[in-house]
Amino acid sequence: MKHKHLTALLMLGALLLTGGNAWAADEVVTDSGTTSWMLTSTALVLLMIPGLAMFYGGLVRTKNVLGTMMHSFGAMVIIGVLWPMVGYGLSFGPGILGGLAGWDDKFFFLQGIDDSIMSTHIPEYVFAMFQGKFAIITPALIAGAFAERVNFKGYAVFIALWCILVYSPICHWVWASDGFLFNLGPSGAIDFAGGTVVHISSGITALVAALYLGKRRGYPSTAMSPNNLVMTLIGAGLLWVGWFGFNAGSAIASDLVTARALTVTQVAAASGAFAWMIIEMFHHGKATSLGVASGILAGLVAITPAAGVVQPIGAFALGALAAAICYSAILLKSKLGYDDSLDAFGVHGVGGIVGALALVFFIRPSWLADAAAKTANNSWTMWDQLGVQATAVGVTIVYAAVISFVLLFIVEKTVGLRISEDDEMSGLDHSMHGEQGYGLINLN
């Protein structure tokens, strides 16, 4: 009884202090459950970066294992500094320069968000750090295209410029509330977790970089076998686990949408790996561990833009479709003769394009109904949305390709990007870092 009286007195005091309505204040409060999930998701996405380092590191020759892994860890360090300094503001600040990017002085080193709680009931710091992990892994993906032949200093300068001039503007267009792709059509271009922002931008840049820098010396006549497929498989497993934070965390909630995104992520990854296994068994008579790892990634990449709008059957179809098309793209690479060392374009670029476009054929009917309700004639079909998706994909491809080429040219002519023949023959580990990954003398 005493507790009831105390509660009543506290409620009366609150009513008097707020003019008769204790809940009239507009202050947004933190939801501990959602915040906990977003903190977990942030950690899961960060886990993907050492996972990528292992995935790529196992695929190169022994003399380049540390140098290749340093591309991922270097991105953690360099973008980890740039993101709170300017990256977050350029990506999510109010539009400037006609909407090319965002900015507000309060976002410099996140100084203006110290007390900010977002409408999703999480501290803005958490959202900023979650998004920062996307900004880190995206340039790290590019490194797979020019593995074994780049100067680390040049790579560091390139990814710093690329984050500011390519990643942040595209991120603003797609995910900022005033971005033009975010507002294209009644419900915007669909990119739930980074099909265009992460995979297409990095994949297209990877292709441009591979073509610009040229082939590794000896490619394709010299055997360049992976040094450690065990490590590659472990890396693929870490990427799969981390991708639950990548996709489900992009709901910025802990609710039904989160559950849907997590479920379709699992289905698409398994479907992609299964399809790749079947294709390999028909094509080569056996399923390979590298094929399973590649299929996992193909399925995960394809579901990334679609995770919020498709059901499990759609995820199954997207995973299998991406595996088939990415497999074909890698075969085509061999015929065309360009050296995308670790198939960054073949998996991330191609898989991202497949996911961003093909998702329209599997959109949840309720999503289309909601989009139609926002139009003047209450009509919006998957074909209408396909036009929006194609526009977003096309804009991303053109912008990423042009600006990346310019940056590659500038870095190559100033700092230097392609290493010398002697350094390439001795390997990145020794020439760039003065170390050896396995303590071996006779390296392949």
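## The loop between α7 and α8

Isoleucine 252 is placed in the loop between α7 and α8; helices here are DSSP runs (H or I, at least four residues), numbered from the N terminus. The phi angle of isoleucine 252 is near 50°, a positive value in a residue other than glycine. With 12% relative accessibility, isoleucine 252 counts as buried, where buried means under 20% relative accessible area, exposed over 50%, and partly exposed in between (1.4 Å probe, protein chains only).

The structure is a predicted model, in which local features need pLDDT of at least 70 and side-chain atom pairs count only at pLDDT 80 or more, while totals for chains, interfaces and linings use all residues. Residues are numbered from 1 along each chain as its sequence is written, and side-chain values use heavy atoms, with hydrogens and water left out.

## The pairing of α7 and α8

Helix α7 (residues 229–248) and helix α8 (residues 256–284) have axes that come within 9 Å and cross at roughly 140°. These axes are lines fitted to C-alpha atoms, for helices over the stretch in contact, and the angles run from 0 to 180 degrees between N-to-C directions.

Residues of α7 in the contact include Trp240, Trp243 and Phe244, and those of α8 include Leu262, Thr265 and Ala270; contact means heavy atoms within 4.5 Å. The residues of this contact divide into 8 nonpolar, 4 polar and no charged. In this division, Ala, Val, Leu, Ile, Met, Phe, Trp, Tyr, Cys and Pro count as nonpolar, Asp, Glu, Lys and Arg as charged, and the others, Gly among them, as polar.

Alanine 270, found in helix α8, counts as partly exposed at 33% relative accessibility. The C-alpha atoms of alanine 270 and alanine 376 are separated by 41 Å, and the two residues are 106 residues apart along the chain.

## Nonpolar cores

The largest nonpolar core has 129 residues, of which Tyr167 and Phe246 touch the most other members. Such a core is a set of buried Ala, Val, Leu, Ile, Met, Phe, Trp, Tyr and Cys residues joined through side-chain atoms within 4.5 Å. Helix α5 (residues 152–175) supplies the largest share of this core, 14 residues.

Not counting residues up to four places away in sequence, the contacts of tyrosine 167 include Trp83, Phe134, Trp162 and Val197. A second, separate core of 5 residues includes Ala53, Met54, Val65 and Met69.

## Cysteines

A search of the whole structure finds 0 disulfides, a disulfide being a pair of cysteine sulfur atoms within 2.5 Å. For cysteine 163, the nearest cysteine sulfur, that of cysteine 171, is 9.3 Å away. Cysteine 163 is buried, with a relative accessible area of 2%, and cysteine 326 is buried as well, at 0%.

## Backbone features in other loops

Most residues other than glycine have a negative phi, and most peptide bonds are trans. Glutamate 148, in the loop between α4 (124–142) and α5, has a positive phi near 80°. Glutamate 148 counts as buried at 1% relative accessibility.

A cis peptide bond, with omega about 0°, joins tyrosine 219 and proline 220. Proline 220 has its place in the loop between α6 (195–213) and α7. Glycine 337, in the loop between α10 (312–336) and α11 (344–358), touches Lys215 and Tyr219, not counting residues up to four places away in sequence. Glycine 337 is buried, with a relative accessible area of 18%.

Key:
Helix = DSSP H or I, 4+ residues; strand = E, 2+ residues; numbered from the N terminus.
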